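Here is a walk through one protein model, taken a step at a time. Keep the structure in view and find each residue as it comes up.

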Amino acid sequence: MAEDHSDVASASTRNTCLRLELPVEDPKSKDAVFVKAAWFPSRFELAISDGLNAWTCHATEAEVRLRAEQWDLSVTEYISLSEQYLGFQQPGSKYGFEDAGNGQRRLSWTFEKQGTKLEWRWKCKPSSDNKKMTSEILDFLMDANIRLSEEVVRRARSFEILKSEADKCLEQSERFSNEKSEFESAVYNKFVAVLNSKKAKLRELRDKLSNLEATAKAPKEEDDSTDKTESFDEASDRETLIKEEPDEE
């Protein structure tokens, strides 16, 4: 069980290293220290070096819990806020690394919460081996720089690959667009030709229909005129007979 708990803790541990610029009396000069931190779920550890001397701070779970209760925060919130200010230097915060006597130093930083300016302080003890701790901080920075350089190279290669793929996609899209335009033009021309042909057929059929109607109408008129003539002749014949019959009697 102890091994499992250790594995979980190591998996959730985060490491940061900050080059903290400190205020000095002469505004033209700058003083800086390196703050390497290991962040655990309920505690944290600090290793600080100015290149010559080194200091350590081991914030236990009990100490972190007590500080969090004093500020009405949960342990997780206290750890997260501390990491925010010691993992990256915040422009609006005033940092300090002052002498606390007996070779000790007091690390402090300020921040605002709900309009109130607060200051957190942690006492750091002198390291038992300045050279070793400074070397560990430099090794961490070198490893981080190597990882960052590798990540930059990897991302640059990925970007080149993505750019090449994007260029291919753009070229293919342009080709598809040209083919689509050519296809639409060809289809439109064929459609216009078919439409014109259909129109010509319709005109031809319309002309034939008109001719057929005219041809059918002409014989009908002739028949009508013939029937009227015959009726007139028959009437004349009957009148003749009527006129002739009295003479015979």
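Start with phenylalanine 191, which lies in helix α4. That helix covers residues 130-248. What does Phe191 form together with Tyr188 and Leu195? The three make a nonpolar patch on the surface. Together they have about 330 Å² of accessible area. Keep in mind that this is a predicted model.

Now step back to the whole chain. How many helices and strands does the protein have? The secondary structure comes to four helices and seven strands. Along the sequence, they follow the pattern α-β-β-β-β-α-α-β-β-β-α.

The protein has 249 residues, and 21% of them count as buried. It exposes about 19,000 Å². Carbon and sulfur atoms supply 53% of that area. Contacts tell another part of the story. Take the contacts with a separation of 6 or more in the protein: residues 24 or more positions apart account for 45% of them.

Go inside. The largest nonpolar core has 30 residues. Which residues have the most contacts inside it? They are Phe44, Leu107 and Trp109. Helix α3, residues 75-87, gives the most to this core, with five residues. Pick out phenylalanine 44 and look around it. Leaving aside neighbours within four places in sequence, Phe44 is in contact with Ala38, Trp39, Cys57, His58, Ala59, Val64, Tyr78, Ile79 and Trp122.

Move on to threonine 110. Its place is in strand β6, which covers residues 104-113. Is threonine 110 buried or exposed? Its relative accessibility is 7%, so threonine 110 counts as buried; the cut-off for buried is under 20%. The side chain of threonine 110 reaches the backbone nitrogen of lysine 94 at 2.9 Å. Threonine 110 also has a set of touching residues, not counting those up to four places away in sequence. They are Tyr85, Ser93, Lys94, Lys117, Leu118 and Glu119.

Side chains of opposite charge can pair when their charged atoms come close. How many salt bridges does a search of the whole structure find? It finds nine. Glutamate 119 has 34% relative accessibility, so it counts as partly exposed. Arginine 121 is partly exposed too, with a relative accessible area of 45%.

Return to helix α4 for glutamate 151. Its side chain meets that of arginine 154 in a salt bridge, 2.5 Å from N to O. Both residues lie in helix α4, three residues apart, which is about one turn of the helix. Glutamate 151 also meets arginine 155 in a salt bridge, at 2.8 Å from N to O. Why are glutamate 151 and arginine 155 separated by about one helical turn? The reason is that they are four residues apart in helix α4. Salt bridges that share partners join Glu151, Arg154 and Arg155 into one network.

How open are these three residues? Glutamate 151 is partly exposed, with a relative accessible area of 26%. Arginine 154 also counts as partly exposed, at 44% relative accessibility. Arginine 155 is exposed, because its relative accessible area is 54% and the cut-off for exposed is over 50%.

Finish in the loops. Aspartate 72 lies in the loop between α2, residues 61-70, and α3. Aspartate 72 has a positive phi of about 55°, although it is not a glycine. At 69% relative accessibility, aspartate 72 counts as exposed.

Asparagine 102 has its place in the loop between β5, residues 95-101, and β6. What is the phi of asparagine 102? It is positive, about 60°, although asparagine 102 is not a glycine. With a relative accessible area of 78%, asparagine 102 is exposed.

Definitions and conventions
Residues numbered from 1 in each chain as written. Predicted model: local features only at pLDDT ≥ 70, side-chain atom pairs only at ≥ 80, totals over all residues. Heavy atoms only, no water. Patch = residues over 30% accessible without salt bridge, like charges linked within 9 Å, V, L, I, M, F, W, Y side chains within 5 Å. Areas by Shrake-Rupley, 256 points an atom, 1.4 Å probe, with all protein chains shown as cover. Salt bridge = Lys/Arg side-chain N within 4 Å of Asp/Glu carboxyl O. Helix = DSSP H or I, 4+ residues; strand = E, 2+ residues; numbered from the N terminus. Buried < 20%, exposed > 50% of the residue type's maximum accessible area, 1.4 Å probe, protein only. Polar contact = N/O pair within 3.5 Å; in protein donor to acceptor, adjacent residues only side chain to side chain. Contact = heavy atoms within 4.5 Å. Core = buried A, V, L, I, M, F, W, Y, C linked by side-chain atoms within 4.5 Å.
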